[in-house]
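This briefing covers a single protein chain. The notes after the structure are grouped by topic.

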Amino acid sequence: MRMNVPKLRFKADDGTEFSEWEEKKIGDLIEIYDEKVNSDCELPILTSSKKYGIQFQNDHFGREQLHDISGYNVLPYGYCTYRNRSDGTDFTFNINTLCKRGIVSKFYPVFTSKTTDLYVLTSLLNNEKSTVKKIAYAAKGTGQKVLSISDLQNINVRIPCVAEQKKIASFLLTIDEIITATEAELTTWEEHKKGVMQKIFNREVRFKADDGSEFPEWEEKKMTELFTRIVEKNRTDLSPLTIIQGKGTVRRDESDRRIAYDKKGLKNYKAVKKDDFIVHLRSFEGGLEIANQDGIVSPAYHVYRGNGNVCPQFYYSYFRSNNFIKGRLAICVTGVRDGKNIEMDTFDELLLPCPSHPEQKKIADCLSSLDDVINQIQAELSVWKEFKKGLLQQMFV
């Protein structure tokens, strides 16, 4: 009986077929690197994530982490690591291409290759449909899944000859370079938009009317002068909505998030109209969200509807800006054990900038044009990532 073979194979430079892939034990392909440090080590602390690969730990968490680093593992440049316990998703293998030497938690084994291309091996290990993943999920452990380095060494994989490995690595690295460049372009545009927003909301940049005349100076008005809190229930004819930070709302039955809820309680849900604003007492990011369609939301949310002087897209950008979140909103946010609490009475008294409606529209159009560029780059990035994912599934079995 013939074993499974990859759908996508490479050929030698002279057009000949490479030899069949051989089954080998991972322990015969890798070499464990076991260098530990004591508490006075000054090497940078690294972490390994599924989305971003190897990162400096402070960059990953956005703040300095204080740990006792005694017993941490050294991760040299070009060596691989993975977190040997998982919350039930998967195990992600990453190669350090960030710095010459760093350290990782004792839960991150470190290894290099003996006889195989390490990039090809990690691509095989990270392939979602590979036999390795199925075996890894069956690894011993309680609560979290556990995949010790000895468990990993005992897994059998099918691996191509060295010459075909080089072909695969070269091809995949080219795609990775495109993905990395696209991610960098996306970050540049996102940072550019943040800078533009800061200048606009700091009033360092002003817009003019189509005839070149100056718009009037911005006013400041209370939240309750611009928005009315809406409480409309018993609208079970409308679809329940899920709120997604930074994205607005989607219909719950069209969301990939599976949120359990009691349908009998829908009569207590609050109705929202398109362009209403939604705020939760417990806010993790601070910014308000906007309704992308009519529907109903959990009674835990507060719903605000703008008056005739409100351009929703202007205020959505403002409510998601640092000027609002770290500036105006901060006075009515208090810390609690499992989140942050917004004092709604204080919230209603917040003073908000109020340009003339035509200038609000100009600003909204400007920021929307930047969003169009960002969304296009995000779409391109998704295409490349899906393309690579599809290739991996065809290359590895």
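**Helix H7 and overall make-up**

Six of the eight residues of helix H7 (residues 312-319) are buried, so the helix is largely enclosed by the rest of the structure. Those buried positions are Phe314, Tyr315, Tyr316, Ser317, Tyr318 and Phe319. The model is a predicted one.

**The chain as a whole**

- The protein chain contains ten helices and 24 strands.
- Buried residues account for 42% of the 397 residues in the protein chain.
- For contacts in the protein chain between residues at least 6 apart in sequence, 75% join residues at least 24 apart.

**Sheet E2-E10-E6-E8**

- Four strands form an open sheet in the order E2-E10-E6-E8, with antiparallel pairing.
- Strand E2 (30-32) and E8 are the edge strands; each has a single partner strand, so one side of each lacks a neighbour in the sheet.
- On average, neighbouring strands of this sheet are turned by 35° against each other, direction ignored.
- E6 and E8 run antiparallel and are joined by three bridges. Asparagine 94 in E8 stands opposite threonine 81.
- H2 packs on the sheet and touches E2, E6, E8 and strand E10 (110-113). The direction of H2 makes about 155° with that of E8.

**Nonpolar cores**

- The largest nonpolar core has 38 residues, of which Ile30, Tyr82, Phe93, Phe111, Leu152, Ile168 and Phe396 touch the most other members.
- Two or more residues of this core come from each of these elements: strand E6 (80-82), strand E8 (93-95), helix H2 (118-126), helix H4 (149-153), strand E12 (156-159), helix H5 (162-201) and helix H10 (357-395).
- A second, separate core holds 37 residues, including Phe215, Met223, Tyr304 and Phe314. Phe314 is also one of the buried residues of H7.
- Leaving aside neighbours within four places in sequence, phenylalanine 111 is in contact with Ile30, Glu31, Ile32, Tyr33, Tyr79, Cys80, Tyr82, Phe93, Leu118, Ile149 and Leu152.

**Sheet E14-E21-E18-E19**

- Another open sheet of four strands has the order E14-E21-E18-E19, and its pairing is antiparallel.
- Its edge strands are strand E14 (227-230) and strand E19 (289-290), each of which pairs on one side only.
- Four bridges link strand E18 (residues 277-280) with strand E21 (residues 301-306) in the antiparallel sense.
- Isoleucine 278 has valine 303 in E21 as its bridge partner.

**Arginine 305**

- Arginine 305 lies in strand E21.
- Is arginine 305 buried or partly exposed? At 21% relative accessibility, arginine 305 counts as partly exposed, because the buried class ends under 20%.
- The side chain of arginine 305 makes a polar contact of 2.9 Å with the side chain of aspartate 276.
- Apart from neighbours within four places in sequence, arginine 305 is in contact with Leu226, Phe227, Thr228, Ile230, Lys273 and Asp276.
- Leucine 226 is 79 residues from arginine 305 in sequence, while the C-alpha to C-alpha separation of the two is 8.4 Å.

Notes: Residues numbered from 1 in each chain as written. Predicted model: local features only at pLDDT ≥ 70, side-chain atom pairs only at ≥ 80, totals over all residues. Heavy atoms only, no water. Pairing = 2+ DSSP bridges. Buried < 20%, exposed > 50% of the residue type's maximum accessible area, 1.4 Å probe, protein only. Contact = heavy atoms within 4.5 Å. Polar contact = N/O pair within 3.5 Å; in protein donor to acceptor, adjacent residues only side chain to side chain. Core = buried A, V, L, I, M, F, W, Y, C linked by side-chain atoms within 4.5 Å. Axes fitted to C-alpha atoms, helices over the stretch in contact; angles between N-to-C directions.
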